[in-house]
Amino acid sequence: MFRFLLRRLLVAIPTLFLVVTASFFMMRAAPGGPFDSQRRLPPEVERNIKAKYGLDKPLAIQYLNYVGGVLHGDLGPSLKYRDKTVVSIIAENFPTSLRLGLSSLIIGVSIGVALGAIAALRQNTGVDYGVTTFAILGICIPTFVTAPLLVLVFAQMLDWFPTGGISELKSFVLPVITLALPQIAVVSRLTRAGMIEVLHSNYIRTARAKGLSEQRIVTRHALRAAVLPLVGYLGPATAGVITGSLVVERIFGMPGLGKFFVLSALQRDYTVVLGVVIVYAVLVILLNLMAEVIQAMLDPRIRLS
Amino acid sequence: MTGAVFAPGSRKAAALMETARGRSLWDDALRRLSRNKAAIASLILLGFMVVAAIIGPHLTHFTYDHIDKVDVWTPPLTAHHLLGTDSLGRDLLARLLAGLGVSLEIGVVATIVSLVIGISWGAVAGYFGGWLDEVMMRFVDILYSLPFTFFVILLMVTFGRNFILMFVAIGFVQWLTMARIVRGQTVSLKQREFIEAARAVGLSGRAIIFRHIVPNLLGPVVIYVTLTIPDVILTESVLSFLGMGVQEPLTSLGTLISNGAQEMELAPWLLIFPSIVMVATLMAFNFIGDGLRDAIDPKER
């Protein structure tokens with residue numbers, strides 16, 4: 001186990017390095033710069049600003065400086081928000097994204113498991129077909145369709161929830177539903193498939209033969225084994241929620257990292273873009289690793305090597 | 001059949017081939033697929049959409065970029081405008097057909113890009129094995145663990161809103177799963193007798209890969225392709241939604257939905273019709289993909 005972790009962490013370092021390098025040069029190859037605006041700056045002013053941020057140096061030197069800074073935990077100053085550092089921008093905006101993402105994941109997984117298990121137990125009944133249909137819809141209706149529709153119905157027509165912002169707890173309801181729906185769909189599908197397979201296995205027959213109550217069989221024996229494959233889905237789910245948050249934060253006007261990323265990419269705020277990429281890359285890598293470890297701990301058939 | 005040796009080209013050999021072909025994997029698969037109502041309905045719907053996207057734009061009263069400053073925000077079902085108009089008085093039906101075409105086109109082309117990269121990568125890694133396999137698949141693992149949409153966004157920012165580059169950018173991030181599937185299949189195919197025979201005849205590695213292994217990968221690849229196309233369409237739509245996709249006046253389903261969402265209070269039809277077309281397209285592809293999986297690989301069921 002320890003050797004496995006060590007090996008994975010050793011792979012993670014060059015991975016991150018690759019991410020930083022690729023993003024750095026891709027961002028720089030983009031036409032335009034952070035100081036372009038409607039009114040052209042006088043050349044000498046522009047030169048001074050560039051010198052201040054070290055953008056006048058050769059690209060290779062800038063790259064080395066940046067990587068050096070990252071190694072010390074310094075992601076540099078924002079080029080658009082002159083008085084802020086990238087670290088402070090991330091610290092300000094990440095909590096919103098984290099809250100949004102975590103609540104969607106938790107809700108998505110718990111409702112998904114429940115629906116999937118119920119569908120499997122009542123296989124080929126109306127309930128099962130209902131859940132399966134819902135799952136297909138949840139997978140096929142993209143977040144940028146659900147979000148405006150939810151706003152249209154529940155915010156504008158019924159006025160139950162605010163259309164955006166993060167001022168009150170209620171403002172999180174619609175965004176979380178939007179993000180959780182596709183997760184519920186996928187999780188319920190996975191749980192249903194796993195559960196059906198497990199219910200046909202020999203040890204469940206044994207449990208039945210022992211005379212255990214149906215409830216005990218389902219909760220203690222079947223469900224445990226059925227949700228195992230879900231752990232592996234943790235990584236992709238996180239990636240999905242992060243991608244979804246790009247859209248959701250924009251539609252609901254929530255100050256999160258996703259919104260900042262898109263804005264900064266368009267405005268060529270190089271350092272902010274790189275900072276956000278690094279944060280998310282670290283997050284996804286760690287979660288994938290965690291998923292693998294948990295899976296191996298729960299399932300003795302998997303050996304980490 | 002043991003001991004029965006036929007001269008190649010003899011009538012008996014031909015007859016034997018005929019019966020063998022009669023019960024082939026593909027015939028079985030087709031028969032199973034034709035019994036799947038959802039998949040067949042989806043195939044018909046999709047066929048209709050493709051035809052509509054190709055010839056539809058020639059049949060509408062207006063072109064997708066025809067601006068009419070008077071007939072702004074016309075509701076659906078009015079004279080000349082079956083689905084209404086947008087804020088610039090452009091006919092929604094014409095724009096919807098154009099957008100559907102663009103989305104399908106992106107879906108197909110980007111999927112082909114991902115196919116070419118994924119199949120070559122996976123087949124080479126799986127066939128040669130050893131350290132090459134280790135390095136190549138490790139690379140795929142590494143890329144797999146990255147937040148992809150961010151890369152596509154960076155690519156789009158870098159290369160500008162270039163239509164062709166968008167195909168390439170999306171295809172470029174979609175090939176990983178394909179590479180994994182193909183590698184797995186190749187590793188198991190490699191052990192089979194006919195590959196051994198090909199090697200015994202002295203074919204080069206390249207010839208074996210492209211002449212013998214790749215054609216036998218068709219089943220899983222076809223399934224995955226039908227699931228990749230909707231994924232690509234979705235990715236493009238997310239990009240368009242974020243303002244980095246197809247450029248005006250050209251449009252895609254994602255762009256239409258994005259614009260519709262901004263004006264949904266005034267003109268809900270601008271959001272609703274493109275959304276319906278989008279969801280129908282994605283569902284059709286998903287049903288066909290599921291149907292194909294059940295048909296080609298029944299043990300997955």
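The model is predicted, so local features need pLDDT of at least 70 and side-chain atom pairs count only at pLDDT 80 or more, whereas totals for chains, interfaces and linings use all residues. Residues are numbered from 1 along each chain as its sequence is written, and chains are lettered from A in the order in which they are written.

**Where the chains touch**
- In chain A, 33 residues are in contact with 30 residues of chain B (contact means that C-beta atoms, placed from the backbone, lie within 7 Å).
- Helices 1, 5, 6, 10, 11 and 12 of chain A each supply at least two residues of the side that touches chain B (helices are DSSP runs of H or I, at least four residues, numbered from the N terminus).
- That side of chain A has 27 nonpolar, 5 polar and 1 charged residues (Ala, Val, Leu, Ile, Met, Phe, Trp, Tyr, Cys and Pro count as nonpolar, Asp, Glu, Lys and Arg as charged, and the others, Gly among them, as polar).

**Helix 4 with helix 12 in chain B**
- The axes of helix 4 (residues 92-128) and helix 12 (residues 269-296) of chain B come within 11 Å and cross at roughly 35° (axes are lines fitted to C-alpha atoms over the stretch in contact, and angles run from 0 to 180 degrees between N-to-C directions).
- Among the residues that meet here are Leu92(B) and Gly99(B) of helix 4 and Trp269(B) and Phe273(B) of helix 12.
- The residues of this contact divide into 8 nonpolar, 1 polar and no charged.

**Helix 4 with helix 9 in chain B**
- The axes of helix 4 and helix 9 (residues 205-216) of chain B come within 11 Å and cross at roughly 115°.
- Helix 4 of chain B is therefore roughly perpendicular to helix 9 of chain B (a term for angles of 65 to 115 degrees).
- Residues making this contact include Ile119(B) and Tyr127(B) of helix 4 and Gly205(B) and Ile213(B) of helix 9.

Terms used. Two residues are in contact if their C-beta atoms, placed from the backbone, lie within 7 Å. Angles under 35 degrees count as roughly parallel, over 145 as roughly antiparallel, 65 to 115 as roughly perpendicular and the rest as oblique.
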